[in-house]
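Please look over the sequence and the structure first.

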Amino acid sequence: MNQMGEQDAQLWERCVNGDSEALGKLFERHSDAVFRYCLSRTGSWYDAEELVSVTFLEAWRHRKGLTLQRESLLPWLLGVATNAAKNMARSTRRYEQFLGRLPHSSAAPDHAIAADERIDVERQVKDLLDRTAGLSPGERDVLLLCVMNGYSYEDTAAALDVPIGTVRSRVNRAKKKLRSAAPQLVGRNDESQTILESRLS
């Protein structure tokens, strides 16, 4: 799965010993996947880039406390990104509520000056997210990881720190809810289909 060179476990061991260059190699290997997932969660290119930075910063901060249990570091990174995205959403809500209490206030504009294609991607992802609004948080998490980003049940279970059976049941519930509301989001084949792949390539 990894390219030629050191495996994630070897690079992570170097990180634990304080080697920031090893973290840079892990960033090069996994940052695109983390970015695509964060974009599928937020619908914002700027927020996705911020979440990638937060995710790898957290990896560095917690390097002493994490023993890599799998061949790839990616499932753990996706779990960190999931929590970071939820924290960002809570902070954004609090900020908007604060602004709403101020006279003549409005939400701050996006700090990113996006290219036309970025704006188009954001619009498409936001449309997809709007159509998943009726799902529970757990159903939405597994849908974003398994269906929209193409991760296996096993990797999703590792990312979310839940049993694989929980992932299966949440995916099934999410697909049933979406088939009537937004059938184009749910493939008719297996869960490995990457819905966003053509939009983000």
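The model is predicted: local features need pLDDT of at least 70, side-chain atom pairs count only at pLDDT 80 or more, and totals for chains, interfaces and linings use all residues. Residues are numbered from 1 along each chain as its sequence is written, and side-chain values use heavy atoms, with hydrogens and water left out.

**Whole chain**

- The protein chain has nine helices and zero strands; both are DSSP runs numbered from the N terminus, helices being H or I of at least four residues and strands E of at least two.
- Read from the N terminus, the order of elements is α-α-α-α-α-α-α-α-α.
- Of the 201 residues in the protein chain, 39% are buried (buried means under 20% relative accessible area, with a 1.4 Å probe and protein chains only).
- Among contacts between residues at least 6 apart in sequence, 64% join residues at least 24 apart (a contact means heavy atoms within 4.5 Å).

**Helix 1 and helix 2**

- Helix 1 (residues 8–16) packs with helix 2 (residues 20–42) at an angle of about 140 degrees, and their axes are 7 Å apart; the axes are lines fitted to C-alpha atoms over the stretch in contact, and angles run from 0 to 180 degrees between N-to-C directions.
- On the helix 1 side the contact is made by D8, L11, W12, R14 and C15, and on the helix 2 side by E21, A22, L23, K25, L26, R29 and H30.
- These contact residues divide into six nonpolar, one polar and five charged (Ala, Val, Leu, Ile, Met, Phe, Trp, Tyr, Cys and Pro count as nonpolar, Asp, Glu, Lys and Arg as charged, and the others, Gly among them, as polar).

**L39**

- L39 is in helix 2 and is buried, at 0% relative accessibility.
- The C-alpha atom of L39 is 10.0 Å from that of A85, which is 46 residues away along the chain.

**T82**

- T82 belongs to helix 4 (residues 74–101) and is buried, with a relative accessible area of 2%.
- A polar atom of the T82 side chain lies 2.8 Å from the backbone oxygen of L78.
- Apart from neighbours within four places in sequence, T82 is in contact with Y37, R41, D141 and L160.

**Cysteines**

- The structure has zero disulfides (a disulfide is a pair of cysteine sulfur atoms within 2.5 Å).
- C15 is buried at 0% relative accessibility, and C38 is likewise buried at 0%.

Methods. Buried < 20%, exposed > 50% of the residue type's maximum accessible area, 1.4 Å probe, protein only. Polar contact = N/O pair within 3.5 Å; in protein donor to acceptor, adjacent residues only side chain to side chain.
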